[in-house]
Amino acid sequence: MEANEVRSRNSFIGSKISNESFITFLMIGVLLLLFTVAALFVPNFYTSRNILNLITNNWYIIILGIGVTFLLITKNFDLSVGGVIGMTGVLSVYFVQAANVSQNPLANGLGLPYGVAVVLALMCAMGIGGLNAFFVVRLKVPSIIVTLGTMMVARGIAQIVTQGAQRNTSLPDVYGVIGNLAIPGSQVKIAVLIMVVLVILAFIFERFTAHGRRMYLIGANSEAARLSGINVSRHLTTLFIISSLLAGITGVLLASEFKAGISSRGMGFEFDALVVALLGGVSIAGGFGSVLGMFVGALILSVVTSAATGLLLSPDWQFTLKAIAVFIAIVSQSYLLSRRKG
Amino acid sequence: MEPTIQVESGIEKKMLVGQPNWSETVRETVKNFYIYFVLVLVIVVFSVARLNEVAFFERGHFLNPDNIINLLRIAVPIITLSGAFTYLMIAQYIDLSVGSAMALSAVLFALMILNGFSFIAAAILTIIAGIVMGSLNGFLVMKLKITPVIATLVTLSLYKGIALLIVPDGLSAIKGSADQPMPAWINNYARQDVLFGLPAAFYVAIVLIVALVVIQRKTILGKYTAAIGGNRTAADLSGINAVAIVWLLYIIVGVSAALAGMARASYMSMGDPLSGDGMELASIIAVLLGGTRFAGGAGAVEKTIIGAIIVICMTVGMLTIIPAYWQTFVMGSVLISAVVINRLLVQD
């Protein structure tokens, strides 16, 4: 036993910090390394404007990543977030569009006040989360299958409401405000501020609340969690609904940015959210990961994609690059963690 | 601790009791035959739906022979894919990269035909590409122990990325141009009438399915697959080499994806890097409709094929009665209904 302790203390990364902090620091190191390399080789990379862009451009993926990270920690997937973005955006537009103003069915909505419309759209998003939770918790269906189904249902609702296109007419001016509003004195959008606030709240939830800590126990061993008196079903339901709600908020913000409900908005975002979580060291083996890690993962992704664009690689490269980045991240993280255990 | 013997399957229970348990029998019958009922239901609905516009068997009717032949032609890729997919689901694994693997195969096949390869050479090389793609999936999942969903999402992105990179800038797909026309015979494989109006690709798919059914029922591979999915620990302890078996299953899926990609490229006369989008969803729907347990351990290839035909009937038939933009919603609902049916009937 003593020998074990000595060995782990002496191994090249053995120290007192937790595995999660270790991975987060590691990924910060990787981020700095990648950034330095990119700054050396890519023209105009090391400018304050670009650095600001790197942090702020991915705000929607980071908001989605919060919910996806929490669910991954409990060993569940949520692939429905992209569909929920499309659905919420389209529905919020549909609810707020003026009623009976035109011959064109896509120009007529329900004419609800802005606030009511947004709240209703967010409730629909939470409904998708509830559906996910019902199937996963009550019917014990694997989350990957359920959320693929609800992804199609949510996307399908967006397509039905917009007849496969978009709704962008007869909208009140107030609809386009929140997505385009900048923080006074800067060009940073209010959405970025929302993202930062949400990340901080998520960090507090994950580290300092009983609910957050139980999430890790559920992921590590859900049977043990159940036997020790944790209401696993309720926790998972809450997390699924939170994830969909975050996707819904993102959907409203993105729709407001373009002042249009576009049915294809958010396609593939579920994959990006998963990518940033995995880059940040969240493990699907369960019970491991952190929102801060995911945040760093998102920055790594934006450095990689931005550097690739700067090197004039065609946009077709992004799929391959993401695949390689995630692969390297998963393999190296699991290798280093196994070394760390000694 | 003393070993306890548990009687699990319905058959053994019946043997113990000595007389048939009627509710159990009814349940078993429904479980075994509901998929055929669903197929008949779907066909009846689409046959009756537009009777006021077209009469039975007339041109444009769902049961018109030309329509059925066309439907079966379109069904070739999904039939080819979902058969092998069933094996993986039985073993409690999953491959989300099938659509991308199929698209990459289609791109490679079209590229080779465009550059003067003979059909046989292009087909063999495409199948080899399929073997490589399947092996990579197997390697990530079984050797590097990455969760199947994540590993195959990574390869989904990778194969699709490679397919997009192969297609030259400014083009959306590998297709013939004025100075380099696509040979017209690329169509023959998936469109030319060989027997009963159906093309060679269809019969290749049928041969593949028959082979998979026979392998599942008569060989040790089928038994081992079910054993791995039913109880992994027990399978390991009884000396089954799960790593090799599942790896082999991934390779079989890769080859199926290559065959499906060839059929798609031949049908469309081009290699479209996005042509495989959604095929993984269609395969999952087909497999679950076909009553394969999503917890692994049980399932049948032939029922998956019925499930695949239902999926194709829905996608094709739906277009005749409701606008195209309903498609995603309906397929999502079908997937969720399949999960519910599966949950109610198949799971214990």
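Me: Is B:Lys160 buried or exposed, and at what relative accessible area?
Reply: This is a predicted model, and the value is computed from it. The cut-off for a buried residue is under 20% relative accessible area. B:Lys160 falls below that cut-off and is buried, with a relative accessible area of 13%.

Me: Which residue forms a salt bridge with B:Lys160?
Reply: The rule asks for a side-chain nitrogen of Lys or Arg within 4 Å of a carboxyl oxygen of Asp or Glu. For B:Lys160 the closest N and O atoms of the pair are 3.5 Å apart, and the partner is B:Asp277.

Me: How many residues apart in sequence are the parts that B:Asp277 and B:Lys160 tie together?
Reply: B:Lys160 lies in helix α6 of chain B, while B:Asp277 lies in the loop between α11 (242-268) and α12 of chain B. B:Asp277 counts as partly exposed at 44% relative accessibility, whereas B:Lys160 is buried. Because one residue is in a helix and the other in that loop, the pair ties together parts whose separation in sequence is 117 residues.

Me: Which helix holds both B:Asp236 and B:Arg232?
Reply: The side chains of B:Asp236 and B:Arg232 meet in a salt bridge, 3.5 Å from N to O. B:Asp236 counts as partly exposed at 38% relative accessibility, and B:Arg232 counts as partly exposed at 30%. The two residues are four apart, about one turn of the helix, and that helix is α10 (residues 232-237) of chain B.

Me: What is the relative accessible area of A:Glu206, which forms a salt bridge with A:Arg207?
Reply: In this pair the closest N and O atoms are 3.5 Å apart. A:Arg207 is partly exposed, with a relative accessible area of 26%. A:Glu206 is buried, and its relative accessible area is 0%.

Me: Which residues of chain A are linked in a network of salt bridges, and how many salt bridges are there over all chains?
Reply: Side chains of opposite charge can pair when their charged atoms come close. In chain A, a network of salt bridges links A:Lys189, A:Glu257 and A:Arg265. Over all chains the count by this rule comes to nine.

Me: How many salt bridges does the rule find across the interface of chain B and chain A?
Reply: At this interface, 34 residues of chain B are in contact with 37 residues of chain A. The two chains bury about 3200 Å² between them, with 84% of it on carbon and sulfur atoms. Three residue pairs are in polar contact between chain B and chain A, both residues being at pLDDT 80 or more. The number of salt bridges found across the interface is zero.

Me: Which helix supplies the largest share of the side of chain B that touches chain A?
Reply: Three helices of chain B each supply at least two residues of that side: α6 (148-166), α12 (279-289) and α14 (327-345). The residues of the side divide into 25 nonpolar, six polar and three charged. The largest share, 11 residues, comes from α6(B).

Me: How many residues of helix α13 of chain A are buried?
Reply: The helix covers residues 269-279 and is mostly covered. Among its buried residues are A:Phe269, A:Glu270 and A:Asp272. After the helix comes A:Gly281, whose phi is positive, near 90°. The buried count for α13 is 11 of its 11 residues.

Me: Which residues form one aromatic cluster with A:Phe269?
Reply: The structure holds 15 aromatic pairs over all chains. One of them is edge-to-face, with 5.4 Å centre to centre and 80° between the planes, and it is formed by A:Trp59 and A:Tyr60. A:Trp59 counts as buried at 6% relative accessibility, while A:Tyr60 is partly exposed at 22%. The residues that form one cluster with A:Phe269 are A:Trp59 and A:Tyr60.

Me: What is the angle between the planes of B:Phe119 and B:Tyr189?
Reply: B:Phe119 lies in helix α5 (residues 119-143) and B:Tyr189 in helix α7 (residues 188-191) of chain B, so the pair ties together parts 70 residues apart in sequence. B:Phe119 is partly exposed at 27%, and B:Tyr189 is buried at 10%. The pair is tilted, 5.3 Å centre to centre, and the angle between the planes is 45°.

Notes. Residues numbered from 1 in each chain as written. Chains lettered and ligands numbered in written order. Heavy atoms only, no water. Buried < 20%, exposed > 50% of the residue type's maximum accessible area, 1.4 Å probe, protein only. Contact = heavy atoms within 4.5 Å. Buried area = accessible area lost by both parts, 1.4 Å probe. Polar contact = N/O pair within 3.5 Å; in protein donor to acceptor, adjacent residues only side chain to side chain. Nonpolar A, V, L, I, M, F, W, Y, C, P; charged D, E, K, R; others polar. Phe/Tyr/Trp six-rings, centres within 6.5 Å; stacked < 30°, edge-to-face > 60°.
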